[in-house]
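The structure is shown first.

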Amino acid sequence: MGSFDGKVVVVTGTAMGIGQAYALGFAREGAHVVAADIADNSETVGLIEAEGGSVLPVHVDVTDLESTAAMAKAAGDAFGRIDVLVNNAAYYRTQQLLPFDEMSVEEWDKAFDVNTKGSWLCARAVFPFMKQRNSGKVINISSMTAFKKYVLPEGQGFLHYVASKAAVVGLTRGLAIEMGPYNICVNTVVPEYIPTGIWDDDVDRYVIEERIFKRTQTPEDMVGVVLFLAGSGSDMVTGQTIMVNGGTHLH
């Protein structure tokens with residue numbers, strides 16, 4: 001028996017990487033996983049089904065009110081409840097790396113639309129289901145870029161991403177206050193750099209040098225903390241920011 005047997009967990013941005021690891025982690029613990037992404041989700045769905053897990057793939061644009069509402073409705077129609085939301089979807093892989101004074105307004109807005117507004121809209125969409133049950137867990141994903149000096153080989157160049165991920169921390173704190181009366185916990189998890197193939201190994205080597213644990217961080221390193229925050233053992237934890245970084249930054 002898994003620790004999430006019968007629970008319904010919505011994870012956004014599950015097509016690959018960290019989101020895929022979250023989805024697999026919850027499925028292995030017995031959850032019904034709603035794997036939501038704007039991209040093709042078939043690989044993640046196949047991996048979960050191959051292990052005998054329960055998964056509902058949903059196409060969602062987290063920047064769109066109607067799309068996020070449809071995501072929550074699909075989860076409710078399929079399983080009758082929503083217990084956990086992991087706001088993992090992010091504008092990251094395709095972002096333009098430009099100095100702040102050369103960045104377009106459209107590029108700035110894209111980062112905030114996905115990273116910040118998207119988390120708000122998804123929380124808004126699942127709230128009625130959690131409110132009805134007087135319980136729930138919302139886990140937002142920020143970034144270490146919001147907490148430390150972060151330099152890519154190309155130099156600084158993603159202020160929009162840094163600012164939008166810093167805003168996620170404030171969003172978490174505000175949501176924790178407003179959702180708290182309904183016994184809904186809202187917390188932020190902060191990953192350090194996890195190689196994605198976007199930049200070369202120089203970034204990983206640079207980060208490893210700063211870590212207490214001298215190794216590459218992987219998507220699987222994130223799963224345990226998210227499972228803890230989604231489970232009953234964290235029922236008295238809300239409005240908090242938890243860093244998973246191997247000791248690059250002590251908070």
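## Basis of the values

This is a predicted model, in which local features need pLDDT of at least 70 and side-chain atom pairs count only at pLDDT 80 or more, whereas totals for chains, interfaces and linings use all residues. Residues are numbered from 1 along each chain as its sequence is written, and side-chain values use heavy atoms, with hydrogens and water left out.

## The second largest pocket

The second largest pocket has a volume of about 300 Å³, and of the 19 residues that line it, Ser135, Gly136, Lys137, Asn183 and Asp235 are the closest to its centre. A pocket here is an open set of points on a 1 Å grid over the protein atoms alone, where a 1.4 Å probe fits, with protein on both sides within 12 Å along at least five of seven lines; lining residues have an atom within 4 Å of a point. The volume is the space filled by probe spheres set on the points, which are joined across faces, edges and corners.

Strand S5 (136-141) and strand S6 (184-191) each contribute at least two residues to this lining, strands being DSSP runs of E with at least two residues and helices runs of H or I with at least four, numbered from the N terminus. By class, the lining comprises 6 nonpolar, 7 polar and 6 charged residues, where Ala, Val, Leu, Ile, Met, Phe, Trp, Tyr, Cys and Pro count as nonpolar, Asp, Glu, Lys and Arg as charged, and the others, Gly among them, as polar.

## Salt bridges

With a salt bridge taken as a side-chain nitrogen of Lys or Arg within 4 Å of a carboxyl oxygen of Asp or Glu, the count comes to 9. In one of them, arginine 28 pairs with glutamate 51, the closest N and O atoms being 2.8 Å apart. Arginine 28 lies in helix H1 (residues 17-28) and glutamate 51 in the loop between helix H2 (42-50) and strand S3 (54-59), so the pair ties together parts 23 residues apart in sequence.

Lysine 148 and glutamate 192 meet at 3.1 Å, N to O. Because lysine 148 lies in the loop between S5 and helix H5 (159-179) and glutamate 192 in the loop between S6 and helix H6 (201-210), this pair ties together parts 44 residues apart in sequence. Lysine 148, at 13% relative accessibility, counts as buried, as does glutamate 192 at 4%; buried means under 20% relative accessible area (1.4 Å probe, protein chains only).

Conventions
Buried < 20%, exposed > 50% of the residue type's maximum accessible area, 1.4 Å probe, protein only.
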